Amino acid sequence: MRLGWDEGSLTAPDLARALEDAGAAAVFVHGRTRAQGFSGGVNLAGIRAVVEAVRTIPVIGNGDITTPPSARRMIEETGCAGVSIGRGAFYNPWLFAHTRQYLDTGELLPEPDFEERVGVMCRHLDLMIEVFGETHGCRQFRKVAPWYARRFGPAAEFKRRVGCSRVGHSSKQS
């Protein structure tokens, strides 16, 4: 759930209580309103209000988890039982393991090197081709490739060529 429709109607605490009374085992709450979409920062106080509204079920916080320290900050400032990682994983699929390590030990793992990043990106493409077929898998990968490229450093040429090349088109220019 989100915190509510907009800042004037933060209904998540009441909804979480009602869900708990109806037998829900846990609730996940995104720290933005529907009106915010994905803009602005996550409202940690709003997630904390949901945590304080329920009696026994865990609340899992979501929003702006892009680094292991951001996960720890959410847990510490809201009292939530855990975090849900969303869009942050698009840009960094190592975020899950690095966050677990950081929460367990306080140790920040090193970022994967270029070769590992390229290897995972290629494996992702291979899996998309396996699931969707070559034409559709490659076409869908055009959306995914820039997520990886964000971590490569300056990658404008890479993104341009991945996004503009036509599937099935064999030319030295594409």
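Thirteen residues, 13 in number, line the second largest pocket of this predicted model. Nearest its centre lie Asp64, Ile65, Gly86, Arg87 and Gly88. The pocket holds about 170 Å³ of space. By class, its lining divides into three nonpolar, seven polar and three charged residues.

Asp64 deserves a separate look. Where in the chain does aspartate 64 lie? Aspartate 64 sits in the loop between strand 2 and helix 3. Its phi is near 65°, a positive value in a residue other than glycine. Most residues other than glycine have a negative phi. Is aspartate 64 buried, partly exposed or exposed? Aspartate 64 is partly exposed, because its relative accessible area of 34% falls between the cut-offs of 20% and 50%.

Three strands form an open sheet, in the order 1-2-3, with parallel pairing. Strand 1 (27-30) and strand 3 (82-84) stand at the edges. Each has a single partner strand, so one side of each is left without a neighbour in the sheet. On average, neighbouring strands of this sheet are turned by 35° against each other, direction ignored.

The two pairings are set out below.

| Strand pair | Sense | Bridges | A bridge pair |
|---|---|---|---|
| Strand 1 and strand 2 | parallel | four | histidine 30 and asparagine 62 |
| Strand 2 and strand 3 | parallel | three | glycine 61 and valine 83 |

Strand 2 covers residues 59-62. Which of its residues point one way, and which the other way? Val59 and Gly61 point one way from strand 2, while Ile60 and Asn62 point the other way. All four are buried. In a regular strand the side chains alternate between the two faces of the sheet.

Gly61 has its bridge partner, valine 83, in strand 3. Asn62, in strand 2, is the bridge partner of histidine 30.

Next, the connections. From strand 1 the chain crosses through helix 2 (residues 44-53) to strand 2, and this β-α-β crossover is right-handed. From strand 2 the chain crosses through helix 3 (residues 68-78) to strand 3, and this β-α-β crossover is right-handed as well.

Aspartate 64 lies in the loop between strand 2 and helix 3, and Asp64 is among the residues nearest the centre of the second largest pocket.

Key. Residues numbered from 1 in each chain as written. Predicted model: local features only at pLDDT ≥ 70, side-chain atom pairs only at ≥ 80, totals over all residues. Heavy atoms only, no water. Pairing = 2+ DSSP bridges. Helix = DSSP H or I, 4+ residues; strand = E, 2+ residues; numbered from the N terminus. Axes fitted to C-alpha atoms, helices over the stretch in contact; angles between N-to-C directions. 1 Å grid on protein atoms, 1.4 Å probe; cavity = no way out; pocket = protein on both sides within 12 Å on 5 of 7 lines; lining within 4 Å. Points joined across faces, edges and corners; volume = space filled by probe spheres on them. Nonpolar A, V, L, I, M, F, W, Y, C, P; charged D, E, K, R; others polar. Buried < 20%, exposed > 50% of the residue type's maximum accessible area, 1.4 Å probe, protein only. Right-handed = clockwise from strand over helix to strand, strands pointing away.
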